Amino acid sequence: MKSRAERIKADRIKADRKSAVRLLTVIMICMFVLVGMRSYAAILQHENNVLIKQNEYLQAEIDSLSSQIVEETNVTRIEEIATQEYGMVYPSAENCVRLTAEDQEEGRSLATAIRSEAYN
């Protein structure tokens, strides 16, 4: 039979082994969590990089379109399109219609005056 001291020593060894197994289990769980978190962070970083590249592409396209808008809204460009494509001309003195006090007294509007001048 074992003596009391031997039994106490054996119990301590068992307890130390259980503690070591528990500690090792906790360490392994922490390692798995750490690896999982790092892989998730890498996935998020990759998605972030993809979004940054898409944003840069869209910004370049916006800049290109903005410069096209500036070019197309230039007064000389508008004038060129109006005269060449639509046949518009600057008005001359004979194209002007003036409303007189008599026209206003008769109740004629600008549209009526323009219509009468155009068809007469």
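Patches are made of residues with over 30% relative accessible area and no salt bridge, joining nonpolar side chains (Val, Leu, Ile, Met, Phe, Trp, Tyr) within 5 Å and like charges within 9 Å. This is a predicted model, in which local features need pLDDT of at least 70 and side-chain atom pairs count only at pLDDT 80 or more, while totals for chains, interfaces and linings use all residues. Residues are numbered from 1 along each chain as its sequence is written, and side-chain values use heavy atoms, with hydrogens and water left out.

**View 1. The whole chain.**
The chain has 4 helices and 0 strands (DSSP runs, numbered from the N terminus: helices are H or I of at least four residues, strands are E of at least two). From the N terminus, the elements run α-α-α-α. The C-alpha atoms fill a box of roughly 135 × 35 × 20 Å along the principal axes. Of the 120 residues, 3% are buried (buried is under 20% relative accessible area, exposed over 50%, partly exposed in between; 1.4 Å probe, protein chains only).

**View 2. A nonpolar patch on the surface.**
L23, I27, M31 and L34 form this patch. Together they have about 380 Å² of accessible area (Shrake-Rupley method, 1.4 Å probe; for residues, only the protein chains shown count as cover). M31 is found in helix α1, residues 4-72. M31 counts as partly exposed because its relative accessibility is 47%.

Side chains of opposite charge can pair when their charged atoms come close. A salt bridge here is a side-chain nitrogen of Lys or Arg within 4 Å of a carboxyl oxygen of Asp or Glu. The count by this rule is 2. R77 bridges to E72, with the closest N and O atoms 3.2 Å apart. R77 also meets E80, at 3.1 Å from N to O. Salt bridges that share partners join E72, R77 and E80 into one network.

Where do R77 and E80 lie? Both are in helix α2, residues 75-84, and stand 3 residues apart, about one turn of the helix. R77 is partly exposed because its relative accessibility is 27%. E72 is partly exposed at 39%. E80 is partly exposed too, with a relative accessible area of 35%.
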